[in-house]
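Open the model in your viewer and keep the selection panel at hand. The tour below goes from one selection to the next.

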Amino acid sequence: MAQSIIEENIKETTNQTGKKSKSGNPSKRINKQKMLIKLLSYLLLLVITCITIVPFLFALSTSLKGTNDVLFSIPPQLIPKNITFDNFITVWNTLPIARYLMNSVILTFFGVVLPLILCSFAAFPLARMTFKGRNFVFLLVIATMMIPGEVTMIPTYLIIDKLGLMGSYAGVILPGAISVMGIFLMRQGFMGIPKEVEESAIIDGANVWQVFWKIMFPMVKPMLGVLTILSFMGAWNSFLWPLLILNDPSTYPITLGLYQLQGAFSANTRLVAAGAMIALVPIIIVFIAFQRYFIEAAYSSSVKG
């Protein structure tokens, strides 16, 4: 009897070990699942990238095509048979593109510098100072994000008109000198700095301004890089507000210049695409220059979360 019980236990043990060996190591299965999920994520991102980059490639291809190349065909011809830069030369010589680019540089410079400074000034007390109603003030600031820009456009236009800033660069720059998104980003950057850094600076004799400018401000470079990219894209691509404020064609930025380009060459898609490529080059350069800060900000936010 005892011998039979022992034999049954041995059989159960061997069956269990056999099942374990068939099922494999659980850690290996988990690693395979993670690799599969990562592979599917990369494939999805690759598909999304291909979809979003097709319009850019089509515009670039159109700007490089000559008069003998077909613009619209099925399947589309992304690689021109005869690559030419005559379209860019024609656009540059026909319209004052250099003047338009210089106007955009001026507007964009102040459209980037002012938000960096003013949003930091507004975000620092909301993140590092303790006062009554701080969270309520921040909620009020965030609540304004729900108001569409078209609603505030008419009151802003009337204010600019009363101040006598119509037709000037100041009328274009000042309404965008500070943004709610910029305040939110900078507040998150300041809140990510350990409290001990601020306390040690105060112990060493630093005042509030020194703590902000010499300690805190240099430590939020990733958020400053993100805000720089967003502000640059917003200021460089701004179209409707400069159209309402500016009335002298010599003060037009590149966006309004491209609008005139479309009217001048409405039947020539190649020249319109060439002008769009000229306006797109500065955005690409700025994004490449500040992309590492964008990635650092995204990584630091994910780690804190």
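Select helices α5 and α8, whose crossing is left-handed; the model is a predicted one. Helix α5 covers residues 134–143 and helix α8 residues 180–191, and they pack at an angle of about 140° with their axes 9 Å apart. That angle makes α5 oblique to α8.

Now show the side chains at this contact. From α5, pick F138, V141 and I142; they meet V180, I183, F184 and R187 of α8. By type, the contact of α5 with α8 has six nonpolar residues, one charged and no polar.

Next, go to helix α10, residues 208–219, and select M216. M216 is buried, at a relative accessible area of 0%. Leaving out residues up to four places away in sequence, M216 touches F124, R128, F190, I193, E198 and V211.

Finally, turn to the aromatic rings. Select F121, F124, F190, W209, F212, W213 and F217, which form one aromatic cluster. Within it, start from the F121 and F212 rings: centres 5.5 Å apart, planes at 50°, so the pair is tilted. F121 sits in helix α4 (residues 97–128) and F212 in helix α10, 91 residues apart. F121 is partly exposed at 38% relative accessible area, whereas F212 is buried at 4%.

Then move to F190 and F212, a tilted pair with 6.0 Å centre to centre and 50° between the planes. F190 belongs to α8 and F212 to α10, so this pair ties together parts 22 residues apart in sequence. F190 and F212 are both buried.

Methods:
Residues are numbered from 1 along each chain as its sequence is written. This is a predicted model: local features need pLDDT of at least 70, side-chain atom pairs count only at pLDDT 80 or more; totals for chains, interfaces and linings use all residues. Side-chain values use heavy atoms; hydrogens and water are left out. Axes are lines fitted to C-alpha atoms, for helices over the stretch in contact, and angles run from 0 to 180 degrees between N-to-C directions. Helices (H or I, at least four residues) and strands (E, at least two) are DSSP runs, numbered from the N terminus. Angles under 35 degrees count as roughly parallel, over 145 as roughly antiparallel, 65 to 115 as roughly perpendicular and the rest as oblique. A crossing is left-handed if the near helix is turned anticlockwise from the far one by less than a right angle, and right-handed if clockwise. Contact means heavy atoms within 4.5 Å. Ala, Val, Leu, Ile, Met, Phe, Trp, Tyr, Cys and Pro count as nonpolar, Asp, Glu, Lys and Arg as charged, and the others, Gly among them, as polar. Buried means under 20% relative accessible area, exposed over 50%, partly exposed in between (1.4 Å probe, protein chains only). Rings of Phe, Tyr and Trp (its six-membered ring) pair if their centres lie within 6.5 Å; planes under 30 degrees apart count as stacked, over 60 as edge-to-face and the rest as tilted.
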